[in-house]
Amino acid sequence: MGRKNRELCWYLGKPEVFADFCNGCIYGGRKVIFPDELAEAQRDYAGKKRGKDGRLHTGERERDVIKLLCRNRHFVKIALENQDKIHYGMPLRCGEYDMMEIGKQARHLREQYRKERTLKGGEEFLSGMKKTDRLIPVVTIVFYHGKGEWRAARQLREMLDMEGMDGELEKLAANYRMNVVCVEELEETRFRTGLRELVGLLKRRGNKEAFWKYCQENGERIGHLDADTYDVICTMLQFPLLSQKKEKCKNKEREDFNMCQALQELVRDGEKRGEKWGEKRGEKQGEEKLGDLIVKLLQDGRQEDALRASRYISVRKKLYAEYGIV
């Protein structure tokens, strides 16, 4: 897991941001899920995988973000998987995660019943659970924050070779539908936390004009970012110099940060560096031109003109024109 993914996972894992993400992506921006309804959930699952030696080894798989939604005594587990690159096997990966999550619940039930010895009848012993038991549903959302559209399968069937399969068998084939949210397709105004600015800037990162226009039109919000949002934007946009401007652009009265000011300072710094580079390059080119002129004058036996050209700009200009030196 790279730095960008780690920081984005941490940011989306904040209850207020997680709730805002779900409300914006699932409910069109309506406040349906609230931070105080969310509880932490176990992110890792134990599993078996075959090693190079051909033997099965115990390993762990880990979710990016997962929360338990508790409302009116009903529970749902909501998980987010962050992707900045296309993953052609993503439906299979998400399906495995969901089944491991549900399977873990079933194992806990089975272990509890066997410990309490409350299972009755062959069916319950065989199943490890009772007919009335219900497991907690799992909803997984893939947040694709890479550039462009998601150009890969969105369901398991798109990964299967079903050509030549008769219709009746095709109906029976297993499937898993994956939920994908693409950052470039999101409407940032559906979000209420700093997620709005993160999505808005990520959508426009490849278009300089659109990026600056968005900053100007949303200066009030971008000029008052909380510390966590400021940091995650710097990381996701890969602006390390912007991080260095953070403390300098702190709004002391409100304890937030003015990213608009930081961006403007970066532009000014860039302009200054460009001016210095241009001056140095201009000086070098001027020296090269004068050197060429003096060489030509000396070759033509015009020592006095060479001396005057080295002293007076007006003389140099006339001689440049005479010799066609641009």
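Modeller: Happy to. One term to begin with: axes are lines fitted to C-alpha atoms, for helices over the stretch in contact, and angles run from 0 to 180 degrees between N-to-C directions. Helices (H or I, at least four residues) and strands (E, at least two) are DSSP runs, numbered from the N terminus. This is a predicted model, where local features need pLDDT of at least 70 and side-chain atom pairs count only at pLDDT 80 or more, while totals for chains, interfaces and linings use all residues. Residues are numbered from 1 along each chain as its sequence is written, and side-chain values use heavy atoms, with hydrogens and water left out.

Colleague: Great. At what angle do α12 and α13 pack?

Modeller: Helix α12 (residues 303–311) and helix α13 (residues 313–323) pack at about 120 degrees, and their axes are 6 Å apart. That makes α12 oblique to α13 (under 35 degrees is roughly parallel, over 145 roughly antiparallel, 65 to 115 roughly perpendicular, and the rest oblique).

Colleague: And which residues meet there?

Modeller: D305, R308, A309, S310 and R311 in α12 meet I313, V315, R316 and L319 in α13, where contact means heavy atoms within 4.5 Å.

Colleague: What about α6 and α7, how do they cross?

Modeller: The axes of α6 (residues 195–203) and α7 (residues 208–217) come within 9 Å and cross at roughly 155 degrees. The two helices are therefore roughly antiparallel to each other. From α6, R196, E197, G200 and L201 meet F211, Y214 and C215 of α7.

Colleague: Switching topic: is E188 buried or exposed?

Modeller: E188 is buried, with a relative accessible area of 7% (buried means under 20%, exposed over 50%, partly exposed in between, with a 1.4 Å probe and protein chains only).

Colleague: Where is the place of E188, and what does E188 touch?

Modeller: E188 is in the loop between β7 (179–182) and α6. Leaving aside residues up to four places away in sequence, E188 touches R196, V199, G200, K203, R204 and Y214.

Colleague: Nice. How many residues has the largest nonpolar core?

Modeller: The largest nonpolar core has 45 residues, and L12, L195, L198 and M259 have the most contacts inside it. Such a core is a set of buried Ala, Val, Leu, Ile, Met, Phe, Trp, Tyr and Cys residues joined through side-chain atoms within 4.5 Å. Another core, of 11 residues, lies apart from it, with C94, Y144, Y176 and V180 among them.

Colleague: And the overall picture?

Modeller: The protein chain has 13 helices and nine strands, and buried residues make up 39% of its 326 residues.
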